[in-house]
Amino acid sequence: MDRRDEQRSQTQDNLRVTIGGTGLRCAMRNLSLSGCMIECRDLIADVGTPVEVVLLPGYIAQGEVAWQLGESIGIFFLEPISVGVVRHFALDDWMLRSDWSAANWRSVTG
């Protein structure tokens, strides 16, 4: 399966990211199980550069730069992240948000 076919959830979160040993705060614009897109000013990152993304306290995704276009950087995770982490950040589908489980949805719809 082409990893770009994977559903991406829109996000608006600032995260701590380390790219090639340089730590900074970047805006995460989308997230999937296999990667994310971030925006960082004044940063040039070569494809293949190692990346660490602190998604949650104690939850760091290891990856590498897949592409860069201006301030936007695509990151490919070396190991897929948890669906729960994607749900935590999801903006584009309220059903994915972590505060709405299937059990809550059934109880609301009754």
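Predicted model: local features only at pLDDT ≥ 70, side-chain atom pairs only at ≥ 80, totals over all residues.
Residues are numbered from 1 along each chain as its sequence is written, and side-chain values use heavy atoms, without hydrogens and water. Local features need pLDDT of at least 70, side-chain atom pairs count only at pLDDT 80 or more, and totals for chains, interfaces and linings use all residues.

Student: Hello! How many bridges join strand S1 to strand S2?

Tutor: Strands here are DSSP runs of E with at least two residues, numbered from the N terminus, and two strands pair if DSSP finds at least two bridges between them. S1 covers residues 9-19 and S2 covers residues 22-32. They run antiparallel, and the number of bridges is nine.

Student: Which residue in S2 is the bridge partner of Val17?

Tutor: The hairpin of S1 and S2 has two residues between the strands, and Gly20 takes a positive phi near 60 degrees there. The S2 partner of Val17 is Leu24.

Student: And which residue in S3 does Met28 stand opposite?

Tutor: S2 and S3 (residues 35-39) pair in the antiparallel sense over five bridges. A hairpin through two residues joins these strands. Opposite Met28 stands Ile38.

Student: Is Asn30 buried or exposed?

Tutor: Asn30 is found in strand S2. Beyond its neighbours within four places in sequence, its contacts (heavy atoms within 4.5 Å) include Arg8, Thr11 and Met37. Buried means under 20% relative accessible area, exposed over 50%, partly exposed in between (1.4 Å probe, protein chains only). Because its relative accessibility is 10%, Asn30 counts as buried.

Student: What is the relative accessible area of Asp42?

Tutor: Asp42 lies in the loop between S3 and strand S4 (50-56). Its phi is positive, near 55 degrees, in a residue other than glycine. Asp42 is exposed, with a relative accessible area of 84%.

Methods: Helix = DSSP H or I, 4+ residues; strand = E, 2+ residues; numbered from the N terminus.
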